[in-house]
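Student: I have a structure open and I'd like to learn how to read it. Could you take me through it feature by feature?

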Amino acid sequence: MNITREEFIRRWPSFTPDEMACKCGECGPESGLNMNPKTMDNLQDLRYDVDFPFIVTSAYRCPNHPEEKKKDEPGAHAKGKAVDLAIEGKRALTLICAAPVYRFTGFGIKQKGKGRFVHLDDMDSAPRRPRPWIWSY
């Protein structure tokens with residue numbers, strides 16, 4: 001993506017490149033600039049709609065990120081098209097209900113025990129990845 005930090009912050013004021021950056025330990029905060037612009041537009045619109053903040057726990061992941069290395073092919077995070085949000089209870093339900101309106105098609109839900117979160121992505125359907133799709137962790 002050819003966007004500067006300043007453009008990122010202006011276009012998506014609810015988020016920063018730092019919070020969207022890969023957390024592999026090798027990538028710097030500028031890796032957050034690799035998020036897909038349409039995904040970020042969708043996420044910003046969703047944020048405006050639900051009117052509460054999101055805590056992003058994972059967004060862009062480089063090919064060397066431990067979770068990406070486990071996969072046969074790069075996932076939605078590696079394409080800059082996914083976020084994991086620390087959210088639970090009523091807000092999680094509100095988010096999941098609103099997200100399809102903003103073109104999110106993948107919904108991963110962990111709402112039991114510690115580390116509750118919701119995964120959202122806006123990937124297109126593919127032979128091994130039908131959409132829309134929902135799963136639990």
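Student: Let's start with helices. In which hand does H3 cross H5?
Tutor: H3 passes H5 in a right-handed crossing. Keep in mind that this is a predicted model.

Student: What else do I need to describe how they pack?
Tutor: Two packed helices are described by the angle between their axes and the distance between the axes. Here, helix H3 (residues 37–50) and helix H5 (residues 89–98) pack at about 125 degrees, and their axes are 10 Å apart. That angle makes H3 oblique to H5.

Student: Which residues of H3 and H5 meet?
Tutor: On the H3 side, look for Leu46, Asp49 and Val50. They meet Thr94, Leu95 and Ala98 of H5.

Student: And which residues of H5 are buried?
Tutor: Ala92, Leu95, Ile96 and Ala98 are buried. The buried residues of H5 pack against H3 and S2, and also against strand S3 (106–110) and strand S4 (117–121).

Student: Is Ala86 buried, partly exposed or exposed?
Tutor: Ala86 has a relative accessible area of 32%, so it is partly exposed.

Student: What does Ala86 touch, apart from its neighbours within four places in sequence?
Tutor: Ala86 is in contact with Ile55, Thr57, Arg116 and Phe117. Also check Phe54: its C-alpha atom and that of Ala86 are separated by 7.0 Å, with the two residues 32 apart along the chain.

Student: Phe54 has a ring. How do I read rings that pair up?
Tutor: A pair of aromatic rings is described by the distance of the centres and the angle of the planes. A search of the whole structure finds five aromatic pairs. One of them joins Phe52 and Phe54, with 6.1 Å centre to centre and 75 degrees between the planes.

Student: Why is the pair called edge-to-face?
Tutor: Planes over 60 degrees apart count as edge-to-face, and the planes of Phe52 and Phe54 are at 75 degrees.

Student: Next, charges. What's the idea behind a salt bridge?
Tutor: Side chains of opposite charge can pair when their charged atoms come close. This structure holds ten salt bridges. In one of them, Asp18 pairs with Arg5, and the closest N and O atoms are 2.7 Å apart.

Student: Which parts of the chain does that pair tie together?
Tutor: Asp18 lies in helix H2 (residues 17–20) and Arg5 in helix H1 (residues 5–11), so the bridge ties together parts 13 residues apart in sequence. Asp18 is partly exposed at 40% relative accessibility, and Arg5 is partly exposed at 24%.

Student: Can you show me another one?
Tutor: Glu67 bridges to Lys70, with the closest N and O atoms 3.1 Å apart. Glu67 is partly exposed at 34%, whereas Lys70 is exposed at 63%.

Student: Where is Arg103 found, and what is its phi?
Tutor: Arg103 is in the loop between H5 and S3. Its phi is also positive, near 70 degrees, and Arg103 is partly exposed at 48% relative accessibility.

Student: And which peptide bond is cis?
Tutor: Look at the bond from Arg131 to Pro132, which is cis, with omega near 0 degrees. Pro132 sits in the loop between S4 and strand S5 (133–136).

Methods. Residues are numbered from 1 along each chain as its sequence is written. This is a predicted model: local features need pLDDT of at least 70, side-chain atom pairs count only at pLDDT 80 or more; totals for chains, interfaces and linings use all residues. Side-chain values use heavy atoms; hydrogens and water are left out. Rings of Phe, Tyr and Trp (its six-membered ring) pair if their centres lie within 6.5 Å; planes under 30 degrees apart count as stacked, over 60 as edge-to-face and the rest as tilted. Buried means under 20% relative accessible area, exposed over 50%, partly exposed in between (1.4 Å probe, protein chains only). Contact means heavy atoms within 4.5 Å. A salt bridge is a side-chain nitrogen of Lys or Arg within 4 Å of a carboxyl oxygen of Asp or Glu. Helices (H or I, at least four residues) and strands (E, at least two) are DSSP runs, numbered from the N terminus. Axes are lines fitted to C-alpha atoms, for helices over the stretch in contact, and angles run from 0 to 180 degrees between N-to-C directions. Angles under 35 degrees count as roughly parallel, over 145 as roughly antiparallel, 65 to 115 as roughly perpendicular and the rest as oblique. A crossing is left-handed if the near helix is turned anticlockwise from the far one by less than a right angle, and right-handed if clockwise.
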